[in-house]
Amino acid sequence: MLSAFGRAFRTPDLRRKLLFTMAIMAVFRVGSFIPTPGVDYGNVQQCVAQVANNDLLGIINLFSGGALLQLSVFALGIMPYITASIIVQLLRVVIPRFEALHKEGQQGQAQLTQYTRYLTIGLAILQSTTIITVARNGLLFQGCSVPVIPNDGVVTIALMIITMTAGTTLIMWLGERITERGIGNGMSLLIFTSIAATFPSALWSIAGSENGIAKFAAVLVVIVLVIGLVVFVEQSQRRIPVQYAKRMVGRRMYGGSSTYIPIKINMSGVIPIIFASSLLAIPGLVAQFGDQSAEWVIWLTNNVVDPASPINISLYILLIIFFAYFYTAITFNPDEVADNMKKYGGFIPGIRAGRPTAEYLDYVITRITAPGSIYLAFVAMIVLFVFILLDINTQIPLGGASILIVVGVGLETVKQINSQLEQRHYEGFLR
């Protein structure tokens, strides 16, 4: 990785792209500390240490790089865009028009991207309104006696909503600039920046606790082992061979080549963990707004909301496995792949083209998703198990999934840099 960055900095064009990307990431981090108009920053700092454990807010705070609990202009972070992208992708199954746009190529993809932008703004308005309402009612920082929004007039609240929505729109624009003028993967790099920014403070709080050095060392060893596991699995593929028959087009011969379809063990990425965490956060919100002395609220808090409870852990694992299959079925369509192969004269050796090919691909995907979903559940739970065993109170939202995101984006970024280096140096052809 370091050698790839070193060679990239010695290439003038790539050096400009890397410096541009770093500048955008710096702007993104600076915006995370600029308070929204109408927020008393001093009172917010007093209340941050007293924030209640809320998984849903914890997820948003993670993807905003800690900006949510600061109530900054980038408080919502990249979360509205992630949600909008997932919704648009899921709507392809429900709305035929979206599926048609997806198949139209670059022009259709541009239209879907525009829909994603509009939906991002709408979700940003909704989420900013919710966050500000929660902050006004004192539920964002439970137990804090000082108000974080001293003046809760209509004009002030409207200005805060507009500011947070504009902040999300600016983040979306910054991500697109990185994709166009930087090294690519703009949104992923901003997510990487947000998550990486929360790790030092979380690890430092572990080192400062009782027997902190030993606990810190144990957590560090587990993180290194998880990183090794993530790199190994994310680089693993099931390669399905594809043979293209020779065919005459005019006076030229085409085809006759061999290739393969690379199928990753983890086709769904980190999306199942985000879905599972979001659903498990709903009982916590219900319990938070209920009567705290009621028996059902107490039972819900102790058995479902508590991350260390057996019911919570079991539901989390089952939801991750379910969404791994669900999201893989949406993103990989065996019928579409089989039709494209048949259209261009491709076939899998030993498998007839058409419907048998689609059934074979569906069989392979179903089989390979089983270890992939178990791997996701293991990565998501291993850090939580270590924290429970070591009696560590520090909470890292999404647990091992944060490591999965950081390592995955890092690997993809290195691939992007290497591919651009090969385009400029052609080392593979000259050797």
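In helix H2, the buried residues are Leu14, Lys17, Leu18, Phe20, Thr21, Ile24, Met25, Phe28, Arg29 and Gly31. Buried means under 20% relative accessible area, exposed over 50%, and partly exposed in between, with a 1.4 Å probe and protein chains only. Helix H2 covers residues 12-31, so 20 residues, and reaches 29 Å from its first C-alpha to its last. That is close to the 28 Å expected at 1.5 Å a residue. The expected span is 1.5 Å times one less than the number of residues. An α-helix has 3.6 residues a turn, so residues three or four places apart point the same way.

The model is predicted: local features need pLDDT of at least 70, side-chain atom pairs count only at pLDDT 80 or more, and totals for chains, interfaces and linings use all residues. Residues are numbered from 1 along each chain as its sequence is written, and side-chain values use heavy atoms, with hydrogens and water left out.

**Overall fold**

The protein has 17 helices and five strands. These are DSSP runs numbered from the N terminus: helices are H or I with at least four residues, strands are E with at least two. Of the 431 residues, 45% are buried. The protein exposes about 22,100 Å², and carbon and sulfur atoms supply 63% of it. Areas come from the Shrake-Rupley method with a 1.4 Å probe; for residues, only the protein chains shown count as cover.

**Cores**

A nonpolar core is a set of buried Ala, Val, Leu, Ile, Met, Phe, Trp, Tyr and Cys residues joined through side-chain atoms within 4.5 Å. The largest has 68 residues. Ile78, Val219, Ile273, Tyr316 and Ile320 have the most contacts inside it. Helix H15 gives this core its largest share, eleven residues. Apart from it lies another core of 23 residues, among them Val39, Cys47, Ala135 and Val148.

**Aromatic pairs**

There are seven aromatic pairs in the structure. Rings of Phe, Tyr and Trp (its six-membered ring) pair if their centres lie within 6.5 Å; planes under 30 degrees apart are stacked, over 60 edge-to-face, and the rest tilted. Two pairs are tabulated.

| Pair | Centres | Planes | Class |
|---|---|---|---|
| Phe98 and Tyr115 | 5.4 Å | 10 degrees | stacked |
| Phe275 and Phe323 | 5.2 Å | 75 degrees | edge-to-face |

Phe98 in H6 (residues 96-103) and Tyr115 in H7 (residues 106-136) are 17 residues apart. Phe98 is buried at 12% relative accessibility; Tyr115 is partly exposed at 28%. Phe275 in H11 (residues 271-289) and Phe323 in H13 (residues 310-331) are 48 residues apart. Both Phe275 and Phe323 are buried. Ring pairs also link Phe275, Phe322, Phe323, Phe326 and Tyr327 into a cluster.

**Two buried sites**

Thr357 sits in helix H15 (residues 355-389). Its relative accessible area is 1%, so Thr357 is buried. A polar atom of its side chain lies 2.6 Å from the backbone oxygen of Arg352. Beyond neighbours within four places in sequence, Thr357 contacts Ala338, Met341, Ile348, Ile351 and Arg352.

Leu123 belongs to helix H7. It is buried at 13% relative accessible area. Its C-alpha is 8.3 Å from that of Tyr81, 42 residues apart along the chain. Residues up to four places away aside, Leu123 touches Pro80, Thr83, Ala84 and Ile87.

How values were computed. A polar contact is a pair of N or O atoms within 3.5 Å; within protein, one must be able to donate a hydrogen and the other to accept it, and residues adjacent in sequence count only if both atoms are side-chain atoms. Contact means heavy atoms within 4.5 Å.
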